[in-house]
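The following briefing concerns a single protein chain and is arranged by topic. Please consult the sequence and the three-dimensional structure alongside the text.

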Amino acid sequence: MNINWIGLDDQLKQWLQEDIGRGDQTTLGLDTTGVRQGSGYWIAKASGVICGLLIARRVFAILSDLDGTSVNQIEFEPCVVEGTWVEAGTTIAQMSGSFAHLLTGERVALNLAMHLSGIATATRQYVDAIADLPAQLVDTRKTTPGLRALEKYATRMGGAKNHRMGLDDALMVKDNHIAAAGGIAQAIKAVRLAMPYPLNIEVETENLEQVEEALNHGADIIMLDNMTPSVMEQAVYLIRQHSSRIKIEGSGNVTLETIREIALTGVDYISSSAPITRSSWLDLSMRLKCE
């Protein structure tokens with residue numbers, strides 16, 4: 001799954017604390033002994049790709065660990081595999097254990113799963129639109145602060161690949177870098193002198209002249225940004241004539257309506273923030289029975 005549980009646990013505890021505050025007053029009023037038991041299940045109220053069940057299970061595990069008593073442990077079992085498309089009405093998880101913990105952890109666990117499932121669902125729609133073509137969808141750094149690892153996990157569950165996780169993953173020379181350096185040639189020369197081994201250099205280009213400049217100065221990856229499909233196709237041909245090694249990324253104005261036309265130009269990757277920034281939460285709900 002490639003999630004850093006050490007770092008995530010600290011975040012989950014903060015999010016639980018934000019919601020619980022000085023205590024879940026409603027649940028405390030209903031369960032004064034703290035030993036009441038319950039069971040329940042999660043249901044998908046809309047069709048989509050399920051993501052975040054393992055994270056939700058960790059939310060309840062943290063509550064149980066903090067309690068420190070065996071009677072208040074929560075058993076949370078996913079009924080579907082992460083990344084599975086389900087229809088509305090599908091039971092996606094079952095749980096049992098402390099009535100108080102099930103209620104107290106419900107909102108944090110559901111919020112995360114609904115948000116991530118929404119991203120995974122939107123991602124799957126984009127991936128399906130180009131499934132028969134070689135181009136692959138990748139995400140971007142346009143993520144919610146504090147949620148990048150989880151949101152990028154959700155795009156993977158939807159079928160995309162991750163672009164760089166952060167600024168330290170790769171050198172990407174963008175328009176403002178080019179302006180600051182005085183040109184693509186100057187920017188590539190400067191970052192190559194300073195770059196650690198074995199990172200690659202990606203250059204964002206907006207026209208064929210910039211593509212040629214990036215080629216002439218040894219870019220490893222060339223982004224074709226906000227080009228029309230016809231110009232993008234010319235750029236792909238130009239790059240392929242120069243080298244089969246260089247990876248080509250299409251970007252800008254990527255929607256469900258345009259992604260296939262971009263893929264048909266021959267690019268290797270299509271980067272888009274839309275599955276994260278424009279997705280809606282997938283409606284999930286918990287149904288609880290107390291003993």
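Helices (H or I, at least four residues) and strands (E, at least two) are DSSP runs, numbered from the N terminus. On that basis, the chain has twelve helices and twelve strands. The model is predicted: local features need pLDDT of at least 70, side-chain atom pairs count only at pLDDT 80 or more, and totals for chains, interfaces and linings use all residues. Residues are numbered from 1 along each chain as its sequence is written, and side-chain values use heavy atoms, with hydrogens and water left out.

**Overall dimensions and surface**

- Along the principal axes, the C-alpha atoms fill a box of roughly 75 × 40 × 25 Å.
- Of the 291 residues, 48% count as buried, where buried means under 20% relative accessible area, exposed over 50%, and partly exposed in between (1.4 Å probe, protein chains only).
- The accessible surface is about 14300 Å², and carbon and sulfur atoms hold 51% of it; the areas come from the Shrake-Rupley method with a 1.4 Å probe.
- Among contacts (heavy atoms within 4.5 Å) with a separation of 6 or more, 72% link residues 24 or more positions apart.

**Nonpolar core**

- A nonpolar core is a set of buried Ala, Val, Leu, Ile, Met, Phe, Trp, Tyr and Cys residues joined through side-chain atoms within 4.5 Å.
- The largest such core has 41 residues, of which W42, I55, F76, I92 and L284 touch the most other members.
- Elements giving two or more residues to this core include α1 (5-20), β1 (37-44), α3 (53-67) and β12 (284-290).
- Helix α5 supplies the largest share of this core, nine residues.
- In soluble globular proteins, nonpolar side chains tend to be buried together.

**A buried serine**

- S98 belongs to strand β5 (residues 91-98) and is buried, with a relative accessible area of 0%.
- The side chain of S98 reaches the backbone nitrogen of H101 at 3.1 Å, a polar contact (a pair of N or O atoms within 3.5 Å, one able to donate a hydrogen and the other to accept it; residues adjacent in sequence count only if both atoms are side-chain atoms).

**Backbone geometry in loops**

- Most residues other than glycine have a negative phi, and most peptide bonds are trans.
- Y197 and P198 are joined by a cis peptide bond with omega of about 0 degrees; P198 is in the loop between α8 (184-194) and β8 (201-205).
- N226, in the loop between β9 (221-225) and α10 (229-242), has a positive phi of about 55 degrees and is exposed at 53% relative accessibility.
- N253, in the loop between β10 (247-251) and α11 (259-263), has a positive phi near 55 degrees and is exposed at 56% relative accessibility.
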